[in-house]
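Subject: Structure handover

Hello,

Here is the structure I promised to pass on. Please open it first, then read my notes below.

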Amino acid sequence: MIKFTLNGKTEETNAPATTRLLDLLRDDFELIGTKEGCGEGECGACSVFVNNLLQNSCLIPIGSIAGAEIQTIEGILETKKFKILDESYSDAGGVQCGYCIPGMIMASAALLSKNPHPSKAEIREGISGNLCRCTGYNMIVDAINQAAKKGDGIW
Amino acid sequence: MSLKDISTSVPKKDHSGKVSGQLPYISDVKVENMVYGVLVRSQVAYGKIISIQLPNLPEGYEAVGAEDIPGPNFVKIIKEDQPIFANEWVNYIGEPILMLVGKDLNILYSLLKEVKVIIEEHQAIYTLDEAIKQKSAAGVIMASYEFGESLETVSAIEQGAHQIIEEEYDTGYQEHVYLEPQGMLAIYKDDEIEVQGSMQCLYYIKNALLSALACGDDEVRVVQSPTGGGFGGKEEFPSMMACHVAVAARAVKKSVMLVFDRSEDMVVTTKRHPAKLNYRTALDKVGNILSLSVEIFLDGGANVGLSSVVLQRALINSAGVYKIPHFHAKGYVLKTNTVPNGAFRGFGAPQSFAGIESHLGHLSKLANIEPLEYKRKYLVKQGDPTITKGIFRDPILVEDMIEDLLKTSEYKKKKQEFQRFNQQNLRYKKGIGTSLFLHGCGFTGSGERDHIKATVKLVKSKDGIVMLKISNSDMGQGILTTLCKIVAKELDLPYEDVLYPYPDTKVVPDSGPTVASRTTMIVGKLLERAAKKLKAQWQSGVDQEVVEHYVHREMIPWDEKTFTGDAYPAYSWGVNFVELEVDTLTGNVKLEKVYGNYEVGKVIDDRIMKGQIDGGLAQGLAYGYLEKMTSKQGKIQQKSISDYGPPTSLDVVPIESKVFDNPYADGPYGAKGAGELTLIGGAPAVQAAIEDALHTTFQQIPITPEVIIESLWMKEGEEG
């Protein structure tokens, strides 16, 4: 049995240790905000926090999460940080098909937590592991830039 | 929120569901009694199936194949050449042969490995070049058209010409890489199969199902799920998947889910057609064009699918935005034993524009005239004939758009700066490239009138909420928002009081597919008219419904046989400037600045339009230098996203864009199409900029680092 913390709650699972964290989250815990775009760690649609670090959940076997703190998009929906990102993405027009967006929000939050006042180049670097095919990224970069300003002090 | 100016941006209808990740896409859906499907696919490019040996299937696991199809075994698209499950012959690697269904995907994948399909291999055609050589063999030409001035006239002009320039130009595959892989679910009920999934064209799917299941109209139902990007990749391909899951659901009496992983999606789904374009141009002494003949070959892959229509658009755009004195064109779709190619944003136009912009750029060098200046000499004007003997009826603002960009980008100054930079730098070279382009809005020719016959419906409830009943898909382009805005504004209703639920064929009429830059212009106009009608009849406190049907704008009738007439009711226009730097040591290209001026009639939402510009340009630019897909012995070589290389946030640079107002009488609030246009100018502008930087010419896209290094070696060799 593997025990871990998921969005603040202690959980456990009997799933095989080789199960991908992505599948555990989606199938067993019905957390659909973590999306599968490639299954190979290339697109970032399945980004989650593992012990506060941004990770591709498709690359993580659950055997390695014993005792870890996992946070998905669902775990941050009620936070002020999410609210600011939500508004900024709306104002900047950063959302089109939406499939990359929960992962992009996680990457945005991770970036701003590490670097609350990123330059545009640092924003590009920060989301370079998250693919978006709709927007050409510029409006997402703007969204993160806005979020940094609006949320000054909270990151 | 009341809408003052239609272009002013509003919050998108689907924003909250998407930003929170709680809007369910098809792979997020689970229904009772649901099983998964996996497809047994051909590993052979061309051959005859000798035997299929299945492993012992555990209880609850079943195989579904051609014999389970109640109707004829083909996916109804245009021609009847694409089997749902291969019958006797396989025509490409990846062609579905049968489906295994069962509860556990892992078990299904291991069963899949144990299926033994013996195929007698036959000589396949693997490449477009091979197909061109074997063009006269039976069945290789899947479609062809020829039009323009007679070859006799052209050849007489060539006789008197100063010189004839011939160029051969190649374009590669392009993969959609919608972030959400293809997925389809058939929900089994005793009296109905309901198909849900990621899709652009509900009624294409419904018609394919009616044929495959040989059933009554009320026995199938198609519901769009939130769709994670389409770009044309979810135009015709989902029809096949829908047939697979629906046939399987019927056979096993359970709901069946089919979701591709990324590598399956990359290997078996449709792509942009690789193309070869041949140009033959007669010039006078000073380099003026006397005549131009174009020949286009599209690699159709193993089935014709929509390729004939893609070829039509490629041909109609084969002279670009130019008025050429004597023009002749012909084109072919050729069959190869490779994955069928299909719809992709631009639909044949990106190949043609890359080719013609490249060719005119090269001719300008012969004439010793600055490329943009040379191109402007031939720019079409309002009232000019099109190459298919139609007319450019509406005002054309391209000249203004060019002038504006010349100023905004400080073009002349930049050119001089780059020249100095290049003289001082051995390793890094900078260049500027431009492209001029258009996109015909709506279906080609009389397609809207004869084939689509769109109908829209508005339903008003007692409490004054108005719902859009149309069959169009929001796949990220924002029509849930833009179309609601049009209706809300027309009815003077708050935007929040107009709703557009995900369409379901049970309750929406056929307003046509979500393709061809038609949704805003054609469906939007119908909705505008419906809203006007509803406004005139508006009664408080009662349920009301209004319906509107497509009305054709009278033009020069389109004749597909002679390839003459007005190909499109209207055109949208664009100009791109690209500044970049080439590292001559590595061949890497770094974009520095990208500009775009566009004219799409009237913008329905500024922010959404900007999203189309940025996203379309990112795809179009990458088509020119970054994204490379190849097929070897019939096998797609790039099975993962990073093998293929779509742009990341580090590849794209800020894009400075402007949209010019030029309202179109038959579009809602004057709007025309915008979605495809934005992709088209990227690749030709990138090519021109690389050529400008390196003082060389290319006859192909993508211009990858390998291509650049090879060309530098060649140049070095020539210069000794």
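In β11(B), the bridge partner of B:Glu194 is B:Arg221. Helices (H or I, at least four residues) and strands (E, at least two) are DSSP runs, numbered from the N terminus.

Before you go on, note that this is a predicted model: local features need pLDDT of at least 70, side-chain atom pairs count only at pLDDT 80 or more, and totals for chains, interfaces and linings use all residues. Residues are numbered from 1 along each chain as its sequence is written, while chains are lettered from A and ligands numbered from 1 in the order in which they are written.

**The strand pair in chain B**

Strand β10 (residues 192-197) of chain B runs parallel to β11(B), and 5 bridges join them. Two strands pair if DSSP finds at least two bridges between them.

In β11(B) (residues 220-224), 5 of 5 residues are buried. Buried means that 20 or more other C-beta atoms, placed from the backbone, lie within 10 Å of the residue's own. In a regular strand the side chains alternate between the two faces of the sheet. B:Val220, B:Val222 and B:Gln224 are on one side of β11(B), with B:Arg221 and B:Val223 on the other.

**The core**

The largest nonpolar core has 273 residues. Such a core is a set of buried Ala, Val, Leu, Ile, Met, Phe, Trp, Tyr and Cys residues joined through C-beta atoms within 7 Å. Helix α6 (residues 237-252) of chain B gives the most to this core, 12 residues. B:Ala186 is among the residues with the most contacts inside the core. Beyond four places in sequence, its contacts (C-beta atoms, placed from the backbone, within 7 Å) include B:Ile193, B:Val245 and B:Val256.

**A helix in chain A**

Helix α3 (residues 80-92) of chain A has 13 residues. Its buried residues include A:Phe82, A:Leu85 and A:Tyr89. What covers the buried residues of α3(A) includes α4 (101-114) of chain A and α1 (15-19) of chain B. Just after α3(A), A:Gly93 has a positive phi of about 70°.

**Where the chains meet**

The contact takes 46 residues from chain B and 39 from chain A. On the side of chain B that touches chain A, α16(B) gives the largest share, 8 residues.

Best wishes

Definitions and conventions. The expected span of a helix is 1.5 Å times one less than its number of residues. A residue is buried if 20 or more other C-beta atoms lie within 10 Å of its own, exposed if 12 or fewer, and partly exposed in between; C-beta atoms are placed from the backbone. Two residues are in contact if their C-beta atoms, placed from the backbone, lie within 7 Å.
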